[in-house]
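Subject: Structure for you to look at

Hello,

Please find the structure below, with the sequence. My notes on what was found in it follow.

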Amino acid sequence: MPEQTIVPIEQLLPNKLFLIPLMGRPIFPGIFTPVMINNPDDVKVVEEAYSGDGFVGICMVRDDADTPGISDLSQVGTVARIIKKINLPDGGVNIFISTLKRFRVRKTVSERAPMIAIVDYLEDEDSDTFEVKALTRALIGEMKEISENNPLFSEEMRLNMINIDHPGKIADFIASILNIEKQDQQRILEIQNVRQRMEQVLVFIKKEQELLRVQKKIQNEINNRIEKNQREYFLREELKTIKEELGMTTDAKSSDYQKFKEKIDALKFEGEIKEAVEGELEKFALMDTNSGEYIVTRNYLDTIVNLPWGEPSRESYDLNEAKAVLDGDHYGLADVKKRIIEYLAVRKLKNDTKGSIILLVGPPGVGKTSVGRSIARAMGKPFFRFSVGGMRDEAEIKGHRRTYIGAMPGKIIQGLKIVKSKAPVFMIDEVDKMGVSYQGDPSSALLEVLDPEQNVAFRDHYLDLPFDLSNILFILTANTLDSIPGPLMDRAEVIQLSGYIDTEKLEIAKKYLVPRSLDKNGLGKAQVKYSNQALLFIANSYAREAGVRNFEKNLDKIHRKIATEIVFAERKKGDKVSPDEGMIEKMLGKPLFREDEGKKADRSGTSVGLAWTSMGGDTLIIEAISNPGKEGFSLTGQMGDVMKESASIAWSWVKHYVTAQEIAPKDWYENRVVHLHIPEGATPKDGPSAGITMATALLSLIQDRPIKPNLAMTGELSLTGQVLPIGGLKEKTVAARRNGVKEIIIPHANLRDLDEIPEHVRKGITFHPVRHMEEVIDLAFPRKKAKAGPLRMLTERKKAAETASKKAPKKGSDKEAAPAPAKRRGRPAKVR
């Protein structure tokens, strides 16, 4: 019998192998593992290999191809022996393999199924050095730490790792059980050098350890949170038990329900309101506190129980005290105070608590908001103010529907909830600046709020219950009436607040502005003393607007500079300061307005008009010049369409008048281009009230004669020369007085408006009512001997020639004919 020898299986490995593509991770040598084969071609390969020597090559598919060939496989794989094969019902097989050694594909025998290749087996390199032994210990130590913290590592894995004696196999085993990408595992499989392979595996072990540390930290935080929640839960349960023993309410929901029920029962609702509120309360009792609707319903019930549903208390105020409050809070405004006192007297006489609507109209800074506060204080009522300037969403007035997240009631219901009174004073600011958008029209929503016939049962979208707003006194404010919708204005009583003149500003500054500004800036009342001349200098040189807001800002600026000087020891704290014009100019800079820079018509082709703006009255200068050229008439100064039409009418009337009166020759217009301009071109201007002013400027240009000094005018001009009435006479008069005008030409129909202008404003100003433009001409150009200009000389020569021709004897008369006048030598005189 021949002698038998044991040969290692690695020496019996064939050079030609059947290859099986592996879609998942690569399998390292020295591993015993099951593999599921489902592809029919691969099943045939397994059957053929199993019936033969049992060896197959396992290679990972590189790009996950559906029908891979050898070119789609990784070139380095693992040879394995099929230990056992189990056929599956679906036609697949489950094989148990033992991987033996690395190989590299050297040559392709069959590209497609069955895939066959000639391979070269790879040996480990550099596997028995001192560094490899050290790395082996490091790998085993690090893996022990990972296996202790990771429950996925079984005890069997730990034993296998310890029992492996070859360093390369240790690296292969660890790489196979680490949770790394399959491409990284394939790169490790392709490394023949054991030392490099172990170093690469050690890097991945460190990454795994870091991941485990983060995972452990997160797990600890979660455990602590769970323990805290459990502890709080047990404490709450204990507290609940204690409260039950003491007969107290058990939770916040029960407490809220009880509070709402008591308040709702006390309000004694009836009808629709009672049914709706009790229904909401029942729903609230059944809701889970963690649901989103719970908070919505709770806020809704809280809004209902905090609204003033009861009847308002009877008003009791003294008219003398009310008058004293208005006089104490505001200087001047006699007409405004008178109308407010009349309104309060009617309410007191009728014993009527129903609200009404007052619309205060005036430029900024004249005290509209403070007048509203004074009315509330005079009546002893709570005051609530909100602004609708720029508002574009009607939900701001009528509230949001509760179907929206974060829904809220409108400003009216919010205000009633805050003041807790059914008859307060509500101030709605800037009603002339509301906008319109796709979200609705707030001005239309205000109509229901302000209409006495509708606001008795006002329905806010959020509340969706009728609420009586008829007891509220609404005070609206606006800068102009032009942009307020007609239906909204019809519901209000309009009270105009015109601007202040310099004497009024002086008194307001002494009584209100200076003390308030001193207190605001930390200065004592006796520390700064202003003379009347100094205050008037500030008003006329730095704050010439209709209101007093800029006046107060300039006072604040002066007082801040004085406070700064005291802090930096440039001035002693106890020193008294009396600002003069020089000191004021040093602190405020050069004056913005000077008397010599006023709007004066001191040359031909100019005139002074009066304008009304949302900022108050103002004066405007009209300028006209003519240049040689083809007949034309141009306009500049950013005029509106109405003003352009007014200028065209003025030009037509002036041409007609000048021709009829033979003031200029007929061909004067054919050879002239007339340019009419209104300075301050960046400011838009419109309206018909500058008609007579533009006609006067054009007539001054043609006559080459300036108008009467210190004269201003306002009035619409018709095509037949009639002077038509205008608006805003009070504001225009205040502006005229502010700019030193002594005489004003007004339409005769506006005589009735003079009674509305206070006496102290009219004092020193002469008003000239006119019906026709010719009266304006007589006032603007007084009949006195004027300097003869070229046009006047030409007109006089023409008239003299006509007179001479009439006196000349007829042909055949015995009277001797007068000699013809000598011709003038040189060029004819030019006419402007």
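Asn 710 sits in the loop between α22 (691–703) and β18 (711–713). This is a predicted model, and everything below should be read as a description of that model. With a relative accessible area of 42%, Asn 710 is partly exposed. Leaving aside residues up to four places away in sequence, Asn 710 touches Gly 740, Val 741, Lys 742 and Glu 743. The C-alpha atoms of Asn 710 and Ala 736 are 9.6 Å apart in space, while the two residues are 26 apart in sequence.

Nine of the 10 residues of α23 (residues 729–738) are buried, so the helix is largely enclosed by the rest of the structure. After α23 comes Gly 740, with a positive phi near 80 degrees. Gly 740 is also among the residues that Asn 710 touches.

Another loop residue to look at is Ser 718, in the loop between β19 (716–717) and β20 (723–724). Is Ser 718 buried or exposed? Its relative accessible area is 15%, and the cut-off for buried is under 20%, so Ser 718 counts as buried. Apart from residues up to four places away in sequence, Ser 718 touches Ile 649, Trp 653 and Leu 724.

Next, the packing around α17. Helix α17 (residues 502–520) packs with helix α19 (residues 549–567) at an angle of about 45 degrees, and their axes are 10 Å apart. The two helices are therefore oblique to each other, and α17 passes α19 in a right-handed crossing. On the α17 side the contact has Lys 505, Ala 509, Leu 513, Val 514, Arg 516, Ser 517, Leu 518 and Lys 520; on the α19 side it has Phe 551, Glu 552, Leu 555, Asp 556 and His 559. By class, the residues of this contact are six nonpolar, two polar and five charged.

α17 also packs with α18, here at an angle of about 110 degrees and with axes 9 Å apart. α17 and α18 are therefore roughly perpendicular to each other, and their crossing is right-handed. α17 contributes Asp 502, Lys 505, Leu 506, Ala 509, Lys 510 and Val 514, and α18 contributes Asn 532, Leu 535, Leu 536, Ala 539 and Asn 540. The residues of the contact of α17 with α18 comprise six nonpolar, two polar and three charged.

Ser 531 lies in the loop between α17 and α18 (532–541). At 39% relative accessibility, Ser 531 is counted as partly exposed. Ser 531 and Leu 506 are 25 residues apart in sequence, with 9.9 Å between their C-alpha atoms. Leu 506 is one of the α17 residues in the contact with α18.

Helix α14 (residues 411–419) has a buried side. Ile 412, Ile 413, Gly 415, Leu 416 and Val 419 are buried in α14. They span an arc of only 160 degrees around the axis, which places them on the same side of α14. Just after α14, Lys 420 takes a positive phi of about 55 degrees.

Some backbone angles deserve a look. Most residues other than glycine have a negative phi. Glu 430 is a residue other than glycine with a positive phi, near 60 degrees. Glu 430 is placed in the loop between β9 (425–429) and α15 (442–450), and at 26% relative accessibility it counts as partly exposed. Gln 638 is also a residue other than glycine with a positive phi, near 55 degrees. Gln 638 is in the loop between β16 (632–636) and α21 (641–660) and is partly exposed, with a relative accessible area of 40%.

Finally, the overall figures. The secondary structure of the protein comprises 26 helices and 22 strands. Of the 832 residues in the protein, 44% are buried. Among contacts between residues at least 6 apart in sequence, 74% join residues at least 24 apart.

Regards

Methods: Residues are numbered from 1 along each chain as its sequence is written. This is a predicted model: local features need pLDDT of at least 70, side-chain atom pairs count only at pLDDT 80 or more; totals for chains, interfaces and linings use all residues. Side-chain values use heavy atoms; hydrogens and water are left out. Axes are lines fitted to C-alpha atoms, for helices over the stretch in contact, and angles run from 0 to 180 degrees between N-to-C directions. Helices (H or I, at least four residues) and strands (E, at least two) are DSSP runs, numbered from the N terminus. Angles under 35 degrees count as roughly parallel, over 145 as roughly antiparallel, 65 to 115 as roughly perpendicular and the rest as oblique. A crossing is left-handed if the near helix is turned anticlockwise from the far one by less than a right angle, and right-handed if clockwise. Contact means heavy atoms within 4.5 Å. Ala, Val, Leu, Ile, Met, Phe, Trp, Tyr, Cys and Pro count as nonpolar, Asp, Glu, Lys and Arg as charged, and the others, Gly among them, as polar. Buried means under 20% relative accessible area, exposed over 50%, partly exposed in between (1.4 Å probe, protein chains only). The arc is that of the directions from the helix axis to the C-beta atoms.
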